[in-house]
Amino acid sequence: MNLSRRDFLKATGLSGVGLALASLGLDVAPVKAAAQTYKLSGGREFTSVCHFCGCGCGTLGYVKEGKLINLEGAPDHPVNRGGLCPKGLGYGHIPNSAERPKSPMYRAPGSDRWVEISWEEAIDRAARALKKARDEHWVGQDEANGYKFMSNRTDAIAFIGGSQVNNEECYQLIKMARALGVVYIDNQTRVCHATTPPALNAAFGRGAMTGSWYNLKHAKMIWIEGSNMAECHPMAMKNVMEARDNGAIVVHVDVRYTRTSRVADHFFQLRPGTDIVFLGAIINYIIQNKKYDADYLRRNTNAFCLLRDDYEFDAGIFSGYDEKTRTYNKETWGYQVDANGKPMKASSMAAKNTVMDRLAEHFQRYTFEKAAAITGMPEADIKKAAELFSTITPTVMMYALGMTQHTVGVENLRCFTIIQLLMGNIGVSGGGIDAMRGQPNVQSSTDYGIMFQYYPAYLSYPTHTDDTLAKWTHHNGTFRAKFLKNLLKAWFGDAATAANDYMFNALPIRNGTHNDSMYVMFEKAMEGKVKTIYVCGQNPQMTNANLTIVNKGLKGIDTLIVQDVFVNETAAFWERPGDNPADINTEVIFLPAGSYLERCGTMTNSMRMIQWRMKGPDLVNDSRPDYWICDKLWKRIVELYKDSTDPKDNVIKMMTWNYGDPEDGQTYVENVMKECNGYDLKDGHLLRGIREIRDDGTTMAGMWIFTGVYGDGVHMARRRGQEDEGGMGIYPNFAWVWPDNIHMLYNRASCDENGKPVRPGQKLVWWDEKKGMWDGYDVPDVGDRTQGPNTPGGQKPFRMNGEGIARLFAAEYSDVENGETRDHSYVPVDGPLPEFYEPVESPTKNMMNEGQRTQFNPCVIYPRVPELQKIGTPDEYPYVLCTSSLTEHWCSGTITRNIPYLNELVKEPFVEISDKLAAKLGVRGGDRVRVSTTRASIEVKAMVTKRARPLMVNGKETHMIWLPYNWGFKGLSTGPSGNYLTIDALDPNVQEQEFKACLANVERI
């Protein structure tokens, strides 16, 4: 049978493997009959959530005699409606894979082999390694900038992971890490969407996707930038195509023509790393031509607020810059305030020093001509893009790693927030900014604070500048202190009281003079300061940039603990081709974890929807659920410390861990989620919503943004209701969305001052005079539903900002009530407005304006390790390298390269080059080429296409090459990893690397 790849993918997106084969022309009737037979004769049905991207697609499986016999898309699921991408369908192979480890394993220092060990030995070894590193390298008192403080931490342990495990397991991991005194904590979001929370937070007050996949059908235009959505988020693309069928215009902006471009109405190609100047030109066009929604700006934003007279911007630098430290003092970025400390407003947006005045002044330099020269996009195309955006509304903007993985990643996304606020597209049906997360639970691993800079639920983690609860409250506000107290009550129970600041100082305090990200932890491992690294569901030996540093770091530690479904490149780093295991003295403990189908728990997708995963087939071999492993490890650590009299160990004894026996999986997991939801300690009921949280120690909630998911004992994440009153794509009774089941964040902004919908045909919420409360098809995003539109509380459409309104300009601002900080608005470290800078490695000079004082982001510190972080130059490396992923393979390939049929679809890595560059180099499709950067070189086959045409950049023809990064030396399909080539220069806000733009050379072999 002749079968094209497109036909195969189309077929395998239908349902289970059997029915997919039927659709390819096999005997349909017997296949369907068999499906009915096995579903009806002894097969147990279960529902779950797909393992791969952040769409959160529902899966439907069938188990017989403990074995998985079918896996398909869940037909009642509003995200995917029965569909699955090739990866989601292919996961059905994993529970029956012969490649799964048989038992826990140990690799001794210098050894060239694994030895199978018992779970008891594995847990004991891991616990003792963590204890040894902690005890021998404890930091009690520390000093920062001359200030001495009690740190109560260890720099010898690092924790990595969380985006592959369930919510309850994320909670276990972060409790365990913080109780041990760990500050080197990170997860996959560092390398994918770390820039999303601060960028969206700076504008709106929250850092998450603002809408839902199934509200997309109400958009009039869908603007996809920095994402190959059709390949990387296929089921989300399904919702885009529904909108297109309803008449929506689809626009795709990217660095090469892809399958997403193919289905778009308009495609605009630009040079990697130049989104700010492109979007800046659109902002300038909207402002200069008064295309903005003036009424929306007046009601919902700080456009009318007056800025300080001493705020300045000159030649690429904002006021307050310290060239020596490469940091800003943000004081001059504030408002003019009245006697009560509130921002002063002008009567007109056009008045001098208003936010709108400064915005217009800043972006007037971003002309179509300048943008064309820098991006390589024709001037006519930029004008066309600006005209489209300024005339069609509502528009939803959707993005992924093409926007985030830059040294200006936060400011890239700030451009989105400014454009959408100007056009009135936030908080309205069919509008929003949708962050397309790339891992199944990377949203929640971020939510749970598996990052050095956060507690769970986006509470700032303390450094030496706020080393007491009083200082922390002064900097962050009483509003957020309430939630921190509830977290500490959940973690320490009765031991946490007002008298001891709720045990605030029992947990580690960071030294804020440096960051503790995943990149720094491997650099410190090379120095011998990090001794033990615990990795759960992540593969940094594949997914970090500049992998040479990761490999050297792993070789420099004493113990590596890896918890995963397969032995991946991180666990087996000592097997890397070309290395001699005898020279590597790191002991490795491997803990085999169950797959997602083999355990229960909840997951959170990109749109903040928390869903329940039922347990399906039996565990394979001697693998264990992650929650079981975490439980046994923590309890063994506690046992090892039970006789200690050292005060530093009290925190381990006092940390609550009352979830029961992990052998009773569902009860155990639900007990963890109940703690996340929170209790009223007066009467014991599970809190019904955030409104019930108090700050006096009489409530506790481990994850305040999740409060309500288990309200009154009802497990909302298990719901599968199909109701959608009003047809707005809300589905309020399907699972549960944080916070408070609000699907469209900031929906108060869709109403006028009187609480009436501005667009009645697209109404989401409204003030109901008869009921005396806010009501709607969605849960109203207001602090108190009884506070009407004529009250202060009813006039805060962006209530999570200190100002209560959205921020076009990210001003330095603290809202003060009764002499205390009530809330503080987040400000990016590299500027209150986006400004274009070149990537650290660039083929051209920064030509944004004459006299530009900096080539790349002035807050970026690079190199950090000069001998391993040389900056390439265009004379030696003339082409721009961009990396990303494929439909068939995903992230590090730990799962997908162990699925045979996916390996058949795409067998090996390759580099994609344009036909024009191929002709220049004498390369034909299939030829082997060497791709090199200043960091490394690899050899792969060339794929020659017309998809990434060369661009004229500042008068010079510039070529881009593209490389998938999904291969390594483990799994059924192996190949060189592209991340040995990529640059580890980091965004200064959150330390996310610049995967999407570095310099490279290509040579025919």
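## Cavities

A cavity is a set of grid points where a 1.4 Å probe fits but cannot get out, and its lining residues have an atom within 4 Å of a point. The structure described here is a predicted model. A search of the whole of it finds seven cavities of 30 Å³ or more.

The largest cavity holds about 580 Å³ of space. Its lining is made of 41 residues, and those nearest the centre are Cys 232, Leu 401, Ser 884, Ser 885 and Lys 996. At least two lining residues come from each of β10 (249-254), α16 (401-404) and β30 (879-884). The biggest share is that of β30, with three residues. By class, the lining of the largest cavity has 18 nonpolar, 18 polar and five charged residues.

The second largest cavity has a volume of about 240 Å³. Around this cavity stand 25 lining residues, with His 51, Gln 164, Gly 537, Gln 538 and Asp 564 nearest its centre. The lining of the second largest cavity divides into eight nonpolar, 14 polar and three charged residues.

## Cysteines

A disulfide is a covalent bond between the sulfur atoms of two cysteines. The structure holds zero disulfides.

Cys 232, one of the residues nearest the centre of the largest cavity, illustrates this. The closest cysteine sulfur to that of Cys 232 belongs to Cys 53 and is 8.6 Å away, too far for a bond, because a disulfide needs two sulfur atoms within 2.5 Å. Cys 232 is partly exposed, with a relative accessible area of 22%.

Cys 859 is another case. Its sulfur lies 16 Å from the closest cysteine sulfur, in Cys 415, and this too is too far for a bond. Cys 859 has 7% relative accessibility, so it counts as buried.

## A strand hairpin

In a regular strand the side chains alternate between the two faces of the sheet. Strand β26 (residues 765-768) has Val 765 and Trp 767 pointing one way and Trp 766 and Asp 768 the other way. All of these residues are buried.

β26 pairs with strand β27 (residues 773-776) in the antiparallel sense, over four bridges. Which residue of β27 is the bridge partner of Trp 766? The partner is Asp 775. The hairpin of β26 and β27 has four residues between the strands, and Gly 772 takes a positive phi near 65°.

## An annotated span

An unreviewed UniProt entry places the feature "domain: 4Fe-4S Mo/W bis-MGD-type" at residues 43-99. In the model, the end C-alpha atoms of residues 43-99 lie 25 Å apart. The span is 9% helix and 35% strand.

Methods
Residues are numbered from 1 along each chain as its sequence is written. This is a predicted model: local features need pLDDT of at least 70, side-chain atom pairs count only at pLDDT 80 or more; totals for chains, interfaces and linings use all residues. Side-chain values use heavy atoms; hydrogens and water are left out. Buried means under 20% relative accessible area, exposed over 50%, partly exposed in between (1.4 Å probe, protein chains only). Two strands pair if DSSP finds at least two bridges between them. UniProt positions are given in the numbering used here, feature names are shortened, and annotations may be inferred rather than shown by experiment. On a 1 Å grid over the protein atoms alone, a cavity is a set of points where a 1.4 Å probe fits but cannot get out, and a pocket is an open set with protein on both sides within 12 Å along at least five of seven lines; lining residues have an atom within 4 Å of a point. Grid points are joined across faces, edges and corners, and a volume is the space filled by probe spheres set on the points. Ala, Val, Leu, Ile, Met, Phe, Trp, Tyr, Cys and Pro count as nonpolar, Asp, Glu, Lys and Arg as charged, and the others, Gly among them, as polar.
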